[in-house]
Amino acid sequence: MTKAASTITVRLPDESTCELAPGSTGLDLASSIGRRLAQAAVATVIDGVESDLNLPLPDGASVAIVTADSDAGRHVLRHSTAHVLAQAVVQLFVGAKFSIGPAIEDGFYYDFELPGGKTFSDDDLVAIQGQMQKIVDADQPFVRAEMTAKEALQLFKDQPYKCEIIERVTKGDADPTDSLEAGSADAVSVYRNSEAFVDLCRGPHVPSTGRLGHFALMKVAGAYWRGNEKGPMLQRIYGTAWESKSALAEHLHRLEEAEKRDHRRLAVEMDLLSFPQELGGGLAVWHPKGAIVRKLIEDYSRERHQNGGYKFVFTPHLANAHLFETSGHLQFYKDGMYPPMEMDNGVYFPKPMNCPMHCLIYRDRQRSYRELPLRLFELGTVYRYERAGTLHGLLRIRGFTQDDSHIFCTEQQMADEITSLLDFVLSVLRRFGFTEFDFKLSTRNAEKSLGSDAIWQKATDALTEALNRHGFQYSVSPGDAAFYGPKIDIDVRDALGRKWQLSTIQCDFNLPERFGLEYIASDNSRTRPIMLHRALFGSIERFFGVLLEHYGGAFPTWLAPVQVRVLAVASAHESYAAQVVDQLTKSGYRVDQLVADEQLGKRIRASKLERIPYVLVVGDDDLKNSTVGVNPRGGEVRRDVGLAKFIDQLAADVG
RNA sequence: GCCGGGGUAGCUCAGUGGCAGAGCAACCGCCUUGUAAGCGGUAGGUCGUGGGUUCAAUCCCCACCCUCGGCUCCA
């Protein structure tokens, strides 16, 4: 017997090798390395391909063990749990059709169609989760099999959605989701985890359902089949699944924390703004405390733009339909615009964007190349008809204000301008405590775009060059550009690590064309400028909502609606407290006083719940010595602080 | 727009085909307070809006508005 026949050799990720008996599986390999690894293993990667743990390893393969506590491992857990969900539903609901059930961030979902268009209730979820637990307890093995498409169609003859996927894969017009579900056209793969249930799936899966168990069904929602609005609406069940009980508990805790930071909840609690029903959906009114924060944000934006070489403009909220015909908005976005108003001299629309009006300002007189780049800036309020089901607090709203700028420049100036814009954007965002940014370059969609290849290439190159000059990592979204030009979108990460898209920088050579914009170049020729659209906050309303969630309502001192609250220990100290308020107010701070009707502890609690950065307590000692007791948000109480010293500290904090 | 929840006091929520409930907040007293809830009392609601069923509707039915979770969409 040769050596090759008696053992096989596989290579591990650390470049070491391991000898195993022929026919050994990934699980055997994991066991040979250690018991804990074997327990944590959920799949293998064999020569770069994710595979089942019970697949025999080929001699000479590079093998990695995927453990449950890795991203890839959790993905496998979640995908397998989705199968268990489908099995539970099929067992509990006779005649249920199941369609797709992928792993997603933090969990999984599965889409179903119930007979007679029935829907799942919350009680159903409880029952389904119970049934899933039984399947897990039964420790059913996941058994992979491959078959021809014809065999698969026969196997799933009662499952129309599965048949559609198989047919798509067979015809070669599968999208990535289909491939995930079914494997390839040559060999359709299925996983059977009991007599009762078999599902189309590429895999891999955990060896058996007993490996699962730390999951929870979260919610049920409608979802269109294949995301097609005109297609049937299925019932989607969302769940979450983790490698351990504690990981699941942590996830649920994170959700609770995020809920506490919900900007809609904080806006009510902190009396910042509201959405009165009488006003209509997606329209907000700003209360004094919210308005002061918004004003501070806008003031800061204006100051930065003033110093950044921008010229301020103002434009009206309405415009004649002709303007939006010229700009192309009526052609491309009529459905997203508020309906027209008939007036004696024409038809008017609320504006969905500011750019057409800025173009009119540019075109009002002849421009020279010496004026470029010309940067027009406006906090411009626009109205967009967002469909009712899409409204979401401040984040998706029908009337909002853009910190909007249009920069008219030459082709040659484009790259420099975008480069300095990136600096400007990040510098402004950093002031609000954002330190992590993700960049996305969206490129041309051949079907939905205007303009020559050459100009698109130039614009895309300019954006890419600007990103590269900064050395920023970025992702590319092919085909996601606006119809008029490519763009860079910037996401920020908030204090909980969540991503929010805020800023956008877009190249546009369509509007200059449509409006016939020109400048006189140095060679005396009439030349078309390039237009850059850019917004930093995007929408002030949305940015405010993101900030609220980012800070959890605890605005930094420079933005806090009330920066300092003064509390007298007893009535005898109220007039001294008033003096302190007076002095701080004269120093330019937002200060108030809560008189001593209630006990001190209760007033402190109330002030803390309002997230006021500094609570000052003054009593006998302070009155005598012109001092204050300082109770800072999230810090230690200090007694007997001189008022002048406190003002210095406040100044330093506000920066 | 589509699917499924929901709308009761300022807030968070309970409740019933037959007089509308709690806690917190508010207001009024008492307490005069030294760092996160002192005590007592009072007031507060067209039960989202409009129709319908019923002797009687906050409750059941229909429509609409608003809202929540998703889907779709997002210049």
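Predicted model: local features only at pLDDT ≥ 70, side-chain atom pairs only at ≥ 80, totals over all residues.
Of the atoms of RNA strand B that come within 4 Å of the protein, sugar and phosphate account for 48%.

Some side chains make polar contacts with the RNA. The side chain of Tyr238 has an N or O atom 3.1 Å from a sugar or linking oxygen of RNA strand B. Gln599 also has a polar side-chain atom 3.1 Å from a sugar or linking oxygen of RNA strand B. For Asn631, a polar side-chain atom lies 2.6 Å from a base oxygen of RNA strand B. Elements that give two or more residues to the surface near RNA strand B include strand E12 (215-224), strand E13 (233-241), helix H20 (600-609) and strand E32 (627-632). H20 gives the most, with 7 residues. Sorted by class, this surface has 20 nonpolar, 20 polar and 16 charged residues.

In E3 (residues 41-46), 5 of the 6 residues are buried, so the strand is largely enclosed by the rest of the structure. E3 runs antiparallel to strand E5 (residues 63-67), and 5 bridges join them. Within this pairing, Val45 has Ala64 in E5 as its bridge partner. E3 also pairs with strand E4 (residues 49-51) in the antiparallel sense, over 3 bridges. Here Thr44 stands opposite Ser51 in E4. The hairpin of E3 and E4 has 2 residues between the strands, and Asp47 takes a positive phi near 50 degrees in it.

Note on methods
Residues numbered from 1 in each chain as written. Chains lettered and ligands numbered in written order. Heavy atoms only, no water. Near = heavy atom within 4 Å. Polar contact = N/O pair within 3.5 Å; in protein donor to acceptor, adjacent residues only side chain to side chain. Helix = DSSP H or I, 4+ residues; strand = E, 2+ residues; numbered from the N terminus. Nonpolar A, V, L, I, M, F, W, Y, C, P; charged D, E, K, R; others polar. Buried < 20%, exposed > 50% of the residue type's maximum accessible area, 1.4 Å probe, protein only. Pairing = 2+ DSSP bridges.
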